Amino acid sequence: GAFYPRPRVDSVVLEVTPRAYPGASAEERDAAARLARASMGSRRKTLANSLARGLLLAAAEARALLEEAGLDPARRGETLSIDELLSLARVWIRRDRPGGDA
C-alpha cells in the first residue's frame, strides 16, 4: 500500500540449508567459506587482489597461494568451483593460514 500504482510483484521466501561436501573436513569447509567470502568480496577484482584484500595478505603472498593451488591469479572469484575452493583451502591450511585465523 506504500506505492501508487501498486506494483505487481510476488515474493517468495527460500530456506537454504548448506550440506556437507563429501571428503572435506569441517576445517576445510570453514576455510573454503572464508576464502569464498574473500574472493568474491571485491567485485571486478582479480582473484589475487580480492584474496589479498579480504585476507589481509601481501599481493605476492596471495598470488603464491593461488599458484600453489594450481589456480590462475588473474581469474575472478565467482569463476571458482567448489573443488577449486577446497583445493585452495587445503593449501591455505597447510601454510598455517597466513594473515590471521580462519
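I started at P5, which sits in the segment before helix 1. The peptide bond from Y4 to P5 is cis, with omega near -5 degrees.

Before going on, I wrote down the ground rules. This is a predicted model, so I keep in mind that local features need pLDDT of at least 70 and side-chain atom pairs count only at pLDDT 80 or more, while totals for chains, interfaces and linings use all residues. Residues are numbered from 1 along each chain as its sequence is written, and side-chain values use heavy atoms, with hydrogens and water left out.

Next I looked up positive phi values. R44 is not a glycine, yet its phi is near 70 degrees. I found R44 in the loop between helix 1 and helix 2, and it counts as exposed at 77% relative accessibility. (My cut-offs: buried is under 20% relative accessible area, exposed is over 50%, partly exposed is in between, with a 1.4 Å probe and protein chains only.) L56 also has a positive phi, about 60 degrees, without being a glycine. L56 belongs to the loop between helix 2 and helix 3 and is exposed, with a relative accessible area of 70%.

**Overall layout**

How many helices and strands are there? I get four helices and zero strands, in the order α-α-α-α along the sequence. Helices here are DSSP runs of H or I with at least four residues, strands are runs of E with at least two, and both are numbered from the N terminus.

Then I checked the dimensions. The radius of gyration is 18 Å, whereas a compact globule of 102 residues would have one near 13 Å. That radius is taken over C-alpha atoms, and the globule rule is 2.2 Å times the number of residues to the power 0.38. Along the principal axes, the C-alpha atoms fill a box of roughly 55 × 30 × 20 Å. Buried residues come to 31% of the 102. Of the contacts (heavy atoms within 4.5 Å) with a separation of 6 or more, 59% join residues 24 or more positions apart.

**Helix 1 with helix 4**

I looked up how helix 1 meets helix 4 (residues 82-94): their axes come within 8 Å and cross at roughly 105 degrees. That makes the two helices roughly perpendicular. Contact residues in helix 1 include E27, A31 and L35, and those in helix 4 include L85, A89 and W92. By type, the contact residues are 10 nonpolar, no polar and four charged. (Nonpolar is Ala, Val, Leu, Ile, Met, Phe, Trp, Tyr, Cys and Pro; charged is Asp, Glu, Lys and Arg; polar is the others, Gly among them.)

While in helix 1 (residues 26-40), I stopped at R37. R37 is exposed, at 57% relative accessible area. From R37 to L55 I count 18 residues in sequence and 9.6 Å in space, C-alpha to C-alpha.

**Helix 2 with helix 3**

At what angle do helix 2 (residues 47-55) and helix 3 (residues 59-68) pack? It is about 120 degrees, with the axes 8 Å apart. (Axes are lines fitted to C-alpha atoms, for helices over the stretch in contact, and angles run from 0 to 180 degrees between N-to-C directions.) Helix 2 and helix 3 are therefore oblique to each other. (Under 35 degrees is roughly parallel, over 145 roughly antiparallel, 65 to 115 roughly perpendicular, the rest oblique.) L47, A48, L51 and A52 of helix 2 meet A59, A62, R63 and L66 of helix 3. I sorted that contact into seven nonpolar residues, no polar and one charged.
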